Amino acid sequence: MDFAYPRPQLQRDQWTSLNGSWRFRFDDECRLTTPDEIDHWPLEITVPYPPESKAGGVGDRGFHKICWYQRDFELRPGSDRVILRFGAVDYAARVWINGELAVTHEGGHTPFSADITHLLDRSGRQVVTVRVEDDPADLTKPRGKQDWQLEPHSIWYPRTTGIWQTVWLERVSRTFVDKVRWTPQVEDYAIKFEARIGGDPCADLSMEVELRHGERLLARDRYQVIDGEVDRHIVLSDPGIDDFRNELLWSPERPTLLDARVRLYRDGQVVDEFVSYTALRSVHILRDRFMLNGRPYVLRMVLDQGYWPDTLLAAPSDAALRHDVELAKAMGFNGVRKHQKIEDPRYLYWADKLGLLVWEEMPSAYRFTRTAIKRVVREWTEAIDRDYSHPCVIVWVPFNESWGVPELTAVREQRHAVEALYHLTKTLDATRPVIGNDGWESSATDIIGIHDYDINTDHIRQRYGAEIAPEQLFDRRRPGGRVLTLDGYPHRGQPIMLTEFGGIAFEAKPDPDVKRIWGYTVAKDAQEFAALYGKLLETVIHTALFSGFCYTQFADTFQEANGLLNADRTPKIPLERIAAATRISRTYIPGGV
């Protein structure tokens, strides 16, 4: 298995992956509560692949509310600390070390950890046990596209239960840097740096931050740690002239990363050291345009659901994540909308490094209850905290198509939920645009997102063409039988984007495991598929109303055979032909690409 360091913006040398073979069992009777009650492990699973997947070695897609994992590992305690980390476990996890409870966590898409130093056996022989509860029928938990029916139907897919991202151990000093956060401030040619200290409290701590662009030193500053934290602005030498300034700006066309090395000192001695990275990049909305680094920028995105046939939501490898980023760029897109999934941080690393914009979207719960909203708020807060520093992330999307808030036009509590999540997101991150509810029924939002799967390009022109006055557009009912904006939230001049369209199905490689394919429109062969895509993209790109678009979709996903790529990531038509249609020039928009 090819798995790289799981947390790319805080990388230390001393870490150990616990991916690989674990003991495994289901608990369909829900009778087991602690590891010492288990006397039989009938199965083995390959972590981090879920039990529903082929790659995990279990391949059971039935209904199982509870499952257990266990494995041994060798680690002799020392004078340092040992942190056990989980990338993601769906949904609620309880973790024991050597029979002692170490940590609990709820939320299927975000990381958690535990300091297990005090639980380690001095012999060096250790046992970790994980109990996972993931009720397949519970629609109040954020679950995204994971189906609640036994067989995948419509636009929902097989479930992903349990561990689905890397499990790993990290050795750190008694006092260590627990968290860092980078905030670019392009207008000041500066970067805000924040760090929080974990472990033993110490009085005399200082932190050195070194920034480089390649071999060129940009800054080396040292700060006193006050009350366990550092919060400083690193001002770079501003060359003034745009040509020189632009050399350091991050964009899909020039993804310039600034390498960082951070050292924590105590009494003049280094007690913690790690590498990170950041970038100079700004995003904001100016009237009806999306702005990247202070210039209008047309978003050409593709909807990506992040599933693989044999591993489901888990990535097959780090190379597979990189390949997905490379394929999106090769098809002419400058961004992806990660749909109903908080993607693995390694994907965001490759998007940062190779230059691909990312819209991050919260996986939906499908019932509106107090429990559901509390769960969404908690997990969304953790997702923003995890991914805040990635330059590739440019938009946050807490709700999609009114999922989980289905009566927005009639129920004020549901409207309040969308508005609250919008404002919470803006509070946690004031640097990025937020779409409160993508697709229709917009209220609090920085971008009006429209979902329209009409394949008839004449209809698209009639609906969104230059002759249509904005008040006509927003007064009409749109596809899906929903209004575009809620009463009290008229269009205020925000950018309008076609954030879902296309969905042209073409089964180039029939999947024996899929009984019936699904799509919004079906092409009979590759030539018709290419012609429909080209004509649709040409129409959308030349519709001046749209400041950007997101085509559905990147790759076939189980029964939904409307990808530009097959599920195995081979192209249905030549990549060059897809890219030529995606990159059609839009010369009449200043600064557009």
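Colleague: How much of the protein's 593 residues is buried?
Modeller: Buried residues account for 59% of the 593. Here buried means under 20% relative accessible area, exposed means over 50%, and partly exposed is in between, with a 1.4 Å probe and protein chains only.

Colleague: What kind of model is this, and how are residues numbered?
Modeller: This is a predicted model, with residues numbered from 1 along each chain as its sequence is written; local features need pLDDT of at least 70, side-chain atom pairs count only at pLDDT 80 or more, and totals for chains, interfaces and linings use all residues. Side-chain values use heavy atoms, leaving out hydrogens and water.

Colleague: What is the mean pLDDT, then?
Modeller: The mean is 93, and 97% of the residues reach 70 or more. pLDDT is the predictor's confidence in each residue, from 0 to 100.

Colleague: Where is the pLDDT below 50?
Modeller: Over residues 588–593. Beyond near neighbours in sequence, that stretch has 14 contacts in the model, a contact being heavy atoms within 4.5 Å.

Colleague: How many helices and strands are there?
Modeller: There are nine helices and 35 strands. They are DSSP runs numbered from the N terminus: helices are H or I with at least four residues, strands are E with at least two.

Colleague: And why call the protein as compact as a globular protein of that length?
Modeller: Because its radius of gyration is 24 Å, close to the 25 Å that the globule rule gives for 593 residues. That radius is taken over C-alpha atoms, and the rule is 2.2 Å times the number of residues to the power 0.38. The C-alpha atoms fill a box of roughly 75 × 65 × 50 Å along the principal axes.

Colleague: What share of the contacts joins residues at least 24 apart?
Modeller: It is 70%, counted among contacts between residues at least 6 apart in sequence.

Colleague: Switching to the surface: what is its area, and how much belongs to carbon and sulfur?
Modeller: The accessible surface comes to about 23300 Å², and carbon and sulfur atoms hold 48% of that. The areas come from the Shrake-Rupley method with a 1.4 Å probe; for residues, only the protein chains shown count as cover.

Colleague: How many charged side chains, positive and negative?
Modeller: There are 75 positive and 89 negative ones, and the centres of the two sets lie 1 Å apart. Lys and Arg count as positive, Asp and Glu as negative, while His and the chain ends are not counted. Each charge is placed at NZ of Lys, CZ of Arg, CG of Asp or CD of Glu.

Colleague: Let's pick some residues. Where is Val262, and what does it touch?
Modeller: Val262 is in strand β18, residues 258–266, and is buried because its relative accessibility is 0%. Leaving aside residues up to four places away in sequence, Val262 touches Phe193, Met207, Glu208, Asp272, Glu273 and Phe274.

Colleague: What about Thr311, buried or exposed?
Modeller: Thr311 is buried, at 3% relative accessible area, and sits in the loop between β23 (299–304) and α2 (318–330). Ala55 is 256 residues away along the chain, yet the two C-alpha atoms are separated by 5.7 Å. Thr311 touches Ala55, and also Tyr49, Pro50, Ser53 and Pro316, not counting residues up to four places away in sequence.

Colleague: Which residues does a cis peptide bond join?
Modeller: Val47 and Pro48 are joined by one, with omega about 15°. Pro48 is in the loop between β3 (43–47) and β4 (66–74). The bond from Thr552 to Gln553 is cis too, with omega near 5°, and Gln553 lies in the loop between β35 (546–552) and α9 (575–582).

Colleague: Why point those out?
Modeller: Because most peptide bonds are trans, and likewise most residues other than glycine have a negative phi.

Colleague: OK, so what is the phi of Arg287?
Modeller: Near 50°, a positive value in a residue other than glycine. Arg287 lies in the loop between β20 (283–286) and β21 (289–292) and is exposed, at 66% relative accessibility.

Colleague: And Asn293, buried or exposed?
Modeller: Asn293 is buried, with a relative accessible area of 14%. Its phi is also positive, near 55°, and its place is the loop between β21 and β22 (295–296).

Colleague: Last one: where does Trp182 lie?
Modeller: In strand β13, residues 175–185. Trp182 is buried, with 1% relative accessible area.
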